[in-house]
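Visitor: I am new to this structure. Could you show me how to read its features, step by step?

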Amino acid sequence: QVQLVESGGGLVQTGGSLRLSCAASGSGFGINAMGWYRQAQGKQRERVAMITNGGSIDYADSVKDRFTIARDNVKNTVTLQMNSLKPEDTAVYFCYVRQSITPSAYRGIWGQGTLVTVSS
């Protein structure tokens with residue numbers, strides 16, 4: 001069973017930067033994508049960024065050109081560098097891993113979440 005450990009959240013002023021990290025431990029066999037979601041208070045969880053084994057990256061429009069996702073396929077770690085942070089980036093950020101169960105099915109695994117607060 002894959003377990004995720006996140007780190008790097010905190011409080012930062014508008015325009016500042018934070019770096020989130022997530023390490024997957026346990027059976028990492030079949031992991032084909034890693035990424036980050038976030039959930040602001042009173043809002044639905046939304047995808048922030050995702051990176052596949054092959055290096056394909058997808059960003060939410062709201063974070064393009066400000067956030068950068070990176071991954072180490074050997075260590076099964078994923079990071080999210082967040083620059084030019086805005087108050088609307090305030091949320092709990094969740095690490096997410098997509099793991100294949102069969103050739104046609106997969107499961108999603110979530111981290112415990114780390115709070116990012118951007119003060120105005």
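Guide: This is a predicted model. Start with Y37. At 18% relative accessibility, Y37 counts as buried, because the cut-off for buried is under 20%.

Visitor: Is Y96 buried or exposed?

Guide: Y96 is buried, with a relative accessible area of 10%.

Visitor: How do I read a pair of aromatic rings?

Guide: Use the distance of the centres and the angle of the planes. A search of the whole structure gives four aromatic pairs. In one of them, the ring centres of Y37 and Y96 are 5.3 Å apart. Their planes stand at 65°, so this pair is edge-to-face. Y37 belongs to strand β4 and Y96 to strand β9, 59 residues apart.

Visitor: What angle do the planes of F94 and W110 make?

Guide: Their planes are at 90°, with the centres 6.4 Å apart, so they too pair edge-to-face. F94 is in strand β9 and W110 in strand β10, 16 residues apart. F94 counts as buried at 11% relative accessibility. W110, at 37%, is partly exposed. Y37, F94, Y96 and W110 form one aromatic cluster.

Visitor: Which residue lies over the face of F94?

Guide: R45 does, at 3.8 Å from the ring centre. Elsewhere, R98 lies over the face of Y106, at 5.5 Å from the ring centre.

Visitor: What is the strand order in the open sheet of four strands?

Guide: The order is β1-β3-β8-β7, with antiparallel pairing. β1 and β7 stand at the edges with a single partner strand each, so one side of each has no neighbour in the sheet. Strands β3 and β8 pair over six bridges. There, L20 has L80 in β8 as its bridge partner.

Terms used. Residues numbered from 1 in each chain as written. Predicted model: local features only at pLDDT ≥ 70, side-chain atom pairs only at ≥ 80, totals over all residues. Heavy atoms only, no water. Pairing = 2+ DSSP bridges. Helix = DSSP H or I, 4+ residues; strand = E, 2+ residues; numbered from the N terminus. Phe/Tyr/Trp six-rings, centres within 6.5 Å; stacked < 30°, edge-to-face > 60°. Buried < 20%, exposed > 50% of the residue type's maximum accessible area, 1.4 Å probe, protein only. Lys NZ or Arg CZ within 6 Å of the ring centre and 35° of its normal.
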